[in-house]
Amino acid sequence: MKNCPNCNSEMEDHFELCWNCNYSLSQGKVVEITESLPGTRELDCLRCGIPMIYSGNYRFHEGARMGILGNIFEIFLNRESFDLYLCPKCGKVEFFSPRTP
Ligand SMILES: [Zn+2]
Ligand SMILES: [Zn+2]
(Lines give C-alpha, C1' and ligand atoms only; values in the text may rest on other atoms or scores of the structure.)
(Ligands and ions follow the chains in the order given, each with its own letter.)
Protein backbone atom coordinates (compact mmCIF):
# COMPACT_ATOMS: atom_id res chain seq x y z
CA MET A 1 0.00 0.00 0.00
CA LYS A 2 1.02 3.59 -0.63
CA ASN A 3 -0.71 6.88 0.00
CA CYS A 4 -1.94 9.38 -2.53
CA PRO A 5 0.27 12.50 -2.32
CA ASN A 6 -2.74 14.65 -3.03
CA CYS A 7 -5.53 13.40 -0.74
CA ASN A 8 -3.62 10.82 1.31
CA SER A 9 -6.00 7.99 0.43
CA GLU A 10 -4.55 4.52 0.46
CA MET A 11 -3.69 3.26 -3.01
CA GLU A 12 -2.77 -0.16 -4.28
CA ASP A 13 0.90 -0.27 -5.16
CA HIS A 14 0.30 -1.04 -8.81
CA PHE A 15 -2.25 1.76 -9.27
CA GLU A 16 -1.14 4.82 -11.17
CA LEU A 17 -4.32 6.73 -10.44
CA CYS A 18 -5.93 7.61 -7.11
CA TRP A 19 -9.42 6.18 -6.88
CA ASN A 20 -10.51 9.07 -4.69
CA CYS A 21 -9.25 12.26 -6.32
CA ASN A 22 -7.95 11.09 -9.74
CA TYR A 23 -4.42 12.10 -8.89
CA SER A 24 -2.10 10.56 -11.45
CA LEU A 25 1.28 9.51 -10.13
CA SER A 26 2.79 9.42 -13.60
CA GLN A 27 1.57 12.91 -14.47
CA GLY A 28 2.03 14.36 -11.01
CA LYS A 29 -1.36 16.04 -10.98
CA VAL A 30 -5.11 15.43 -10.73
CA VAL A 31 -6.38 14.41 -14.14
CA GLU A 32 -9.86 15.06 -15.46
CA ILE A 33 -10.84 11.63 -16.64
CA THR A 34 -14.33 12.63 -17.67
CA GLU A 35 -13.04 15.02 -20.30
CA SER A 36 -11.06 12.39 -22.09
CA LEU A 37 -13.95 9.99 -22.54
CA PRO A 38 -16.37 10.45 -25.41
CA GLY A 39 -19.94 11.17 -24.40
CA THR A 40 -19.14 12.66 -21.05
CA ARG A 41 -18.38 16.20 -22.08
CA GLU A 42 -20.59 18.60 -20.15
CA LEU A 43 -22.04 21.06 -22.56
CA ASP A 44 -24.89 23.52 -22.26
CA CYS A 45 -26.80 24.85 -25.23
CA LEU A 46 -25.81 28.50 -25.64
CA ARG A 47 -29.37 29.34 -26.60
CA CYS A 48 -31.37 27.36 -24.03
CA GLY A 49 -28.88 26.90 -21.23
CA ILE A 50 -29.78 23.26 -20.82
CA PRO A 51 -27.41 20.32 -21.11
CA MET A 52 -26.88 18.99 -24.61
CA ILE A 53 -27.18 15.28 -25.24
CA TYR A 54 -24.36 13.20 -26.60
CA SER A 55 -25.82 11.52 -29.64
CA GLY A 56 -22.97 9.48 -30.91
CA ASN A 57 -19.60 9.31 -32.52
CA TYR A 58 -19.62 9.58 -36.27
CA ARG A 59 -16.99 8.16 -38.51
CA PHE A 60 -16.29 9.07 -42.08
CA HIS A 61 -14.46 7.36 -44.82
CA GLU A 62 -11.89 9.33 -46.67
CA GLY A 63 -13.58 11.62 -49.13
CA ALA A 64 -17.06 10.87 -47.84
CA ARG A 65 -19.68 13.43 -48.76
CA MET A 66 -22.96 13.99 -46.99
CA GLY A 67 -24.95 15.77 -49.67
CA ILE A 68 -25.49 19.44 -48.86
CA LEU A 69 -23.71 18.93 -45.57
CA GLY A 70 -20.54 18.11 -47.46
CA ASN A 71 -19.15 21.59 -47.01
CA ILE A 72 -19.55 21.38 -43.26
CA PHE A 73 -17.88 18.05 -43.06
CA GLU A 74 -14.94 19.21 -45.09
CA ILE A 75 -13.86 20.96 -41.93
CA PHE A 76 -13.31 17.52 -40.53
CA LEU A 77 -11.42 16.38 -43.59
CA ASN A 78 -8.48 15.23 -41.58
CA ARG A 79 -10.52 13.79 -38.74
CA GLU A 80 -11.47 10.17 -38.63
CA SER A 81 -14.43 10.74 -36.40
CA PHE A 82 -16.13 13.31 -34.24
CA ASP A 83 -18.68 13.46 -31.46
CA LEU A 84 -22.11 14.89 -32.04
CA TYR A 85 -24.09 16.74 -29.37
CA LEU A 86 -27.71 17.71 -29.70
CA CYS A 87 -29.86 20.17 -27.77
CA PRO A 88 -33.15 18.42 -26.95
CA LYS A 89 -35.01 21.71 -26.88
CA CYS A 90 -33.99 23.70 -29.94
CA GLY A 91 -32.27 20.98 -31.93
CA LYS A 92 -28.95 22.78 -32.15
CA VAL A 93 -26.15 20.42 -33.08
CA GLU A 94 -22.51 20.74 -32.10
CA PHE A 95 -19.59 18.72 -33.37
CA PHE A 96 -16.43 18.00 -31.50
CA SER A 97 -13.41 16.16 -32.69
CA PRO A 98 -12.36 13.65 -30.08
CA ARG A 99 -9.24 14.66 -28.24
CA THR A 100 -6.12 13.07 -29.46
CA PRO A 101 -4.31 11.17 -26.74
ZN1 LIG B 1 -6.00 11.02 -4.02
ZN1 LIG C 1 -30.97 24.70 -27.32
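The protein chain comprises 1 helix and 7 strands (DSSP runs, H or I of at least four residues for helices and E of at least two for strands, numbered from the N terminus). Along the sequence, these elements follow the pattern β-β-β-β-β-α-β-β. The model is predicted, so local features need pLDDT of at least 70 and side-chain atom pairs count only at pLDDT 80 or more, whereas totals for chains, interfaces and linings use all residues. Residues are numbered from 1 along each chain as its sequence is written, chains are lettered from A and ligands numbered from 1 in the order in which they are written, and side-chain values use heavy atoms, with hydrogens and water left out.

Of the 101 residues in the protein chain, 22% are buried (under 20% relative accessible area, with exposed meaning over 50% and partly exposed in between; 1.4 Å probe, protein chains only). The chain exposes about 7,600 Å², of which carbon and sulfur atoms supply 51% (Shrake-Rupley method, 1.4 Å probe; for residues, only the protein chains shown count as cover). Among contacts with a separation of 6 or more, 35% involve residues 24 or more positions apart (contact meaning heavy atoms within 4.5 Å).

For four tetrahedral donors, the ideal angle is 109.5 degrees. Because C4 lies in the loop between β1 (2–3) and β2 (10–11) and C18 in the loop between β2 and β3 (23–24), the pair ties together parts 14 residues apart in sequence.

C4 is buried at 2% relative accessibility, as is C18 at 1%. C7, found in the loop between β1 and β2, is partly exposed at 28%. The C-alpha atoms of C7 and C21 are separated by 6.8 Å. Beyond four places in sequence, C7 touches C18, N20 and C21.

S9 also lies in the loop between β1 and β2 and is buried, with a relative accessible area of 11%. Its side chain forms a polar contact of 3.2 Å with that of N20 (a pair of N or O atoms within 3.5 Å; within protein, one must be able to donate a hydrogen and the other to accept it, and residues adjacent in sequence count only if both atoms are side-chain atoms). Residues up to four places away aside, S9 touches K2, N3, C4, C18, W19 and N20.
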